[in-house]
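Hi,

Here is the structure I said I would pass on.

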Amino acid sequence: MRTLVVSDLHFGTHAGTDVLRDPRRQAPLLAALEGCERLVLLGDVLELRHGPMHEALAAAREPLGEMGAALGPEGEVVVLAGNHDHYLVHPWSQRRAAGGPPPALGSETAVDWVAGDPLADLAAMLAPARVRAAYPGVWLRPDVWATHGHYLDVHMTVPSIERLGAGLMRRIVSPPGRGAVPQPPAAAEDYEAILTPIYAWLHAVAQGAVPGRGRGLQGGSVRGWQALTGPRGRRSVRARAVAAAYPLVIAGLNRAGLGPLRAEVSGPALRRSGLRGMDEVCARLGVTASYVIFGHTHRAGPLPDDDPAEWVTSRGSRLINSGSWVHEPAFMGHDGSRSPYRTGFCVVVDDDGPPRLLNLSD
């Protein structure tokens, strides 16, 4: 069964950076689907932090309908939730917990839906293709596991907003270990206990009455990145002050027990931190697949200029990041045509052989 994996479509961004709303950008993806039997939407299908749910669903309706039509009634779509659309699995999670402690999530659990759930809306949009949902990951072959990758935020050393929130929540909900340091997650439920309250708060802010409030949270992260990584000669006085104080802030956060965090902020640092985090997630969940596909960081790879050794976990799994379909100039550098953050990436998984990372827009 030929499978096409795409991640981080983020339908509903207020800035219009979700490129698949443009029919011209859809064309190569739809052409690729004609030779596939299965499509995996690997999380963050919807952007639920920029505004109300109905806006994101409206933005997704036409492009998802085109994808379902390209697959046809014999095709299958597998939907996973990410951090920006974690609410997709919220109603199901509530029903699961209603009758007492539910069975363990493991590396893949089937997700159902009822009328009124956002997953029901997505399934209707994707018709006539058959739709199923899974969480927190899905096995595409006995040797290929795919997940959105948001659990890696718990282990990141680059201090994003979600990483800092995860550090705080971990101190609150995780049992103490040696030296009063919280124990690391040992199962998917532990990651959910740390991250779900953060996602619920961010979702609630975006669903509120003040338009664009959620967008401001995301914009703050980008502005911080630009202040710390922009050319020194072009930084404002405020940006230079932020960069000078940054190591002291990181040291304070580590002393407060929210680390381990590092003061290095660069493209290579983000890449290495994400890969180490994904390695840790696989170890904690007991995933020993030959290949692990994830998204979340929007940084596709491994690419020809990457060090292949960085993309192998301590247990020997080969990591593949499926990139994103969101245009992000702040991360693309001077030569956007070669940037690992450019849009259009996907992963093709056949019945055998290594999964292949492709860019459909190059």
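Below is what turned up, from the whole chain down to single side chains.

First, a reminder that this is a predicted model. The protein chain has ten helices and ten strands. Of its 362 residues, 51% count as buried. If you take the contacts with a separation of 6 or more, 72% of them are between residues 24 or more positions apart.

Now the inside. In soluble globular proteins, nonpolar side chains tend to be buried together. Here the largest nonpolar core has 70 residues, and Phe 11, Leu 41, Leu 46, Leu 64 and Met 67 are the ones with the most contacts inside it. Helix H2 (residues 53-71) gives this core its largest share, eight residues. Another core lies apart from it, with 15 residues, including Val 5, Ala 134, Ala 146 and Ile 320.

Leaving out residues up to four places away in sequence, Leu 46 touches His 10, Phe 11, Met 53, Ala 56, Leu 57, Ala 60, His 84, Asp 85, Leu 88 and Leu 122.

Next, the aromatics. There are three aromatic pairs in the structure. One of them is Trp 139 with Trp 145: the ring centres are 6.4 Å apart and the planes are at 45 degrees, so this pair counts as tilted. Stacked would need planes under 30 degrees apart, and edge-to-face over 60.

Phe 331 is partly exposed, with a relative accessible area of 23%; Tyr 341 has 9%, so it is buried, the cut-off being under 20%.

On to the charged side chains. The count of salt bridges comes to 15, and I picked out a few. Arg 21 bridges to Asp 18, with 2.6 Å between the closest N and O atoms. Arg 21 is partly exposed at 36% relative accessibility, whereas Asp 18 is buried at 2%.

In the bridge between Arg 141 and Asp 143, the closest N and O atoms are 2.9 Å apart. Here it is the arginine, Arg 141, that is buried, at 10% relative accessibility, and Asp 143 is partly exposed at 23%.

Arg 356 and Asp 350 also meet in a salt bridge, at 3.2 Å from N to O. Arg 356 is partly exposed at 34% relative accessibility, and so is Asp 350, at 21%. Through shared partners, salt bridges join Arg 2, Asp 350 and Arg 356 into one network.

Last, one item from the surface. Leu 168, Ile 172 and Val 173 make a nonpolar patch of about 270 Å². Leu 168 sits in helix H5 (residues 161-173) and is partly exposed, with a relative accessible area of 47%.

Cheers

Conventions: Residues numbered from 1 in each chain as written. Predicted model: local features only at pLDDT ≥ 70, side-chain atom pairs only at ≥ 80, totals over all residues. Heavy atoms only, no water. Helix = DSSP H or I, 4+ residues; strand = E, 2+ residues; numbered from the N terminus. Buried < 20%, exposed > 50% of the residue type's maximum accessible area, 1.4 Å probe, protein only. Contact = heavy atoms within 4.5 Å. Phe/Tyr/Trp six-rings, centres within 6.5 Å; stacked < 30°, edge-to-face > 60°. Patch = residues over 30% accessible without salt bridge, like charges linked within 9 Å, V, L, I, M, F, W, Y side chains within 5 Å. Areas by Shrake-Rupley, 256 points an atom, 1.4 Å probe, with all protein chains shown as cover. Salt bridge = Lys/Arg side-chain N within 4 Å of Asp/Glu carboxyl O. Core = buried A, V, L, I, M, F, W, Y, C linked by side-chain atoms within 4.5 Å.
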